[in-house]
Amino acid sequence: MERRRLGRIGHLSSVLIFGGAAIGDVTQDVADASIREALEAGINHFDTAAAYGESEVRLGVWMPRIRGQIFLATKTGDRTATGAYDSIRRSLERLQVEYIDLIQLHAIGDVEDLGRATGSGGALEGALKARDEGLVRAIGITGHGMDAPATHLEALRRFPFDTVLTPFNYRLWIEDAYRHDLEALEDEIRAQDAGLMFIKAVARNLWQPEPKHRYDTWYEPLDQQATIDAAVAFALSRSAVTGLATAGDVRLLPLMIEADRRRAGIAVDAAADELANLLEYEPPFVRVAGREFPDWL
């Protein structure tokens, strides 16, 4: 699998990043199979979060065997310095590691929330304390929503975050305002030599109301190989990005791994044409008639 440099951190990360949300609510056996599949495919960057159920615990079982082979990232959703620092200490215990390569301030998608996390007494201070103590090596930021790229650009102006994890897919790209914000963010990423990663590359829409969603993702994902091929190829065509996180359901991982294998044979224009013809394809952060809108958004 192709590897790209994660900004000034310098790590050569696989272009697919294991999305730990997929193993938050599964058994250890199911998690083991998915982690093994990722490793065998060449994935060397694993991303989880304190908020992803038992994900850190499921990964922690593997750490004594693979810690030296992977880049390990987690996230804290706390907004106070004490809360974030304590969260990082708990993550270390759950992951069974002495340090984390990257701690990310989680789910910051608007400037007001950014202010809480980066202001006096905010989560950033807790992350910096953990870095000073050698508990984490680098500090990043993540977030959802239509304002995420603009918010993350402002975040880089306030503090030199090592990485940014922001949403990107073809449907978001064709929104003029979103595209403008994303391009401005990419420019700043290059200027600061930060690392850029994408989420929601295979998001299709919000879920329709139904008794049981087909996947464990909070959004309806693409689940046909051809459209996933196009989505992965389109996202990884951006020169500023290191990689994209795999979706939050273990059943989608093999489709995304296969998409990466096919990527070299898919031109960007062909990928865009495939996705442009997709029906019921909408940004997952916008209310759509007949679709469920998550309370947390």
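This is a predicted model: local features need pLDDT of at least 70, side-chain atom pairs count only at pLDDT 80 or more; totals for chains, interfaces and linings use all residues.
Trainee: OK, and how many residues has α4?
Mentor: There are 15 residues in α4, running 81-95. From first C-alpha to last, α4 reaches 21 Å, close to the 21 Å expected (1.5 Å times one less than the number of residues).

Trainee: Which residues of α4 are buried?
Mentor: Buried means under 20% relative accessible area, exposed means over 50%, and partly exposed is in between, with a 1.4 Å probe and protein chains only. In α4 the buried ones are A81, G83, A84, Y85, S87, I88, S91, L92 and L95.

Trainee: What do the buried residues of α4 pack against?
Mentor: Their partners include β5 (71-76), β6 (100-105) and α6 (123-132), where contact means heavy atoms within 4.5 Å.

Trainee: Switching topic: how many salt bridges does the structure hold?
Mentor: The structure holds 25 salt bridges, each a side-chain nitrogen of Lys or Arg within 4 Å of a carboxyl oxygen of Asp or Glu. One of them pairs E2 with R263, with the closest N and O atoms 2.8 Å apart. That pair links distant parts of the chain, 261 residues apart: E2 sits in the segment before β1 (3-5), and R263 in the loop between α11 (253-262) and α12 (268-276).

Trainee: Is R263 buried or exposed?
Mentor: R263 is buried at 16% relative accessible area, while E2 counts as partly exposed at 34%.

Trainee: What meets R79 in a salt bridge?
Mentor: The side chain of D113 does, at 2.9 Å, N to O. R79 is in the loop between β5 and α4 and D113 is in helix α5 (residues 111-118), so the pair ties together parts 34 residues apart in sequence. R79 and D113 are both buried.

Trainee: And what does D249 pair with?
Mentor: D249 forms a salt bridge with R251, the closest N and O atoms being 2.8 Å apart. D249 is buried at 1% relative accessible area, whereas R251 is partly exposed at 45%.

Terms used:
Residues are numbered from 1 along each chain as its sequence is written. Side-chain values use heavy atoms; hydrogens and water are left out. Helices (H or I, at least four residues) and strands (E, at least two) are DSSP runs, numbered from the N terminus.
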